[in-house]
Amino acid sequence: MTTPWIALVPAKPLARAKSRCAGLTPDARRSLAKAMLTDLVGRLRDVPAVHSVVVVTTDPEVTGLALASGAAVSGSGRTPGLNGEVGEALEMVGGAVPAAALALIMGDLAGAGTADCATALALAARHRRAVVGDADGTGTTLLTLHDAADFRPFLGPGSLRRFHAAGYHDLGVGPSSPLRRDVDTVDHLLSLPSHTLGPATRQWLAAFPPGGPRSDPSTHERRVGAL
């Protein structure tokens, strides 16, 4: 029997989103964060084993975007900070659908398609708790657990090592997988093959750059043209 999943996607307030995308205007950073979140929610909703998608946020604009994309929303603001918000959301949704397993997926995995997510969740179903690290091997892009009580507030710099030490199974996702390539900078986005990007992110790139994203526009234009 296929394990049903609830996929939770944490999302920063748009005013603080993609702050490491140097050279982008505030509006460009906001619209990029919205595009990637829209695409990921849509892709997760297409995974047959995903019962529902929940965006974890306290931002009214993100809330509206999530609801319009077919996701539910969790975020009371009572426990500030990423770990507090995620922990509260896991407890809430875990209690609502006790039979479902829980997956925490970062919202800036711009290249992660429906098949990538489905494969990872099928592997994770065999383990009580599991983790996927980012391309640097230090951060976390995907976290799965069957009991909200197993969550540990380690999200942030150096989280992967701490989750391993806490007994989270490494799913062994290969270094080239889009599940390991979160987008923190413009270069991260431009390094992803265009065919792996969702429609909203491709549309954002087509309108790019709004005001010029980099100090060397000629280099950037060559890279965008190669996508």
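Entry 1, helix pair. I find that the axes of α1 and helix α7 (residues 199-206) come within 7 Å and cross at roughly 155 degrees. That angle makes α1 roughly antiparallel to α7, a label given to angles over 145 degrees. Axes here are lines fitted to C-alpha atoms, for helices over the stretch in contact, and angles run from 0 to 180 degrees between N-to-C directions. Helices (H or I, at least four residues) and strands (E, at least two) are DSSP runs, numbered from the N terminus. The model is predicted: local features need pLDDT of at least 70, side-chain atom pairs count only at pLDDT 80 or more, and totals for chains, interfaces and linings use all residues. Residues are numbered from 1 along each chain as its sequence is written, and side-chain values use heavy atoms, with hydrogens and water left out.

Ala, Val, Leu, Ile, Met, Phe, Trp, Tyr, Cys and Pro count as nonpolar, Asp, Glu, Lys and Arg as charged, and the others, Gly among them, as polar.

I read an open sheet of 7 strands in the order β3-β2-β1-β4-β6-β5-β7, with mixed pairing; two strands pair if DSSP finds at least two bridges between them. β3 (72-74) and β7 (169-170) stand at the edges with a single partner strand each, so one side of each has no neighbour in the sheet. Helix α1 (residues 26-45) packs on the sheet, touching β1 (5-10), β2 (50-56) and β4 (101-105), and its direction makes about 160 degrees with that of β2. Helix α3 (residues 82-96) lies across β1, β2, β3 and β4, at about 160 degrees to β1. Strands β5 (residues 129-133) and β6 (residues 140-145) pair in the antiparallel sense over 5 bridges, and V131 stands opposite L143 in β6.

I looked up which residues lie nearest the centre of the largest pocket, and they are K12, K18, M106, D108 and D184, out of 39 lining residues. On a 1 Å grid over the protein atoms alone, where a 1.4 Å probe fits, a pocket is an open set with protein on both sides within 12 Å along at least five of seven lines, and lining residues have an atom within 4 Å of a point. The lining has 16 nonpolar, 11 polar and 12 charged residues.

Methods:
Contact = heavy atoms within 4.5 Å. Parallel < 35°, antiparallel > 145°, perpendicular 65-115°, else oblique.
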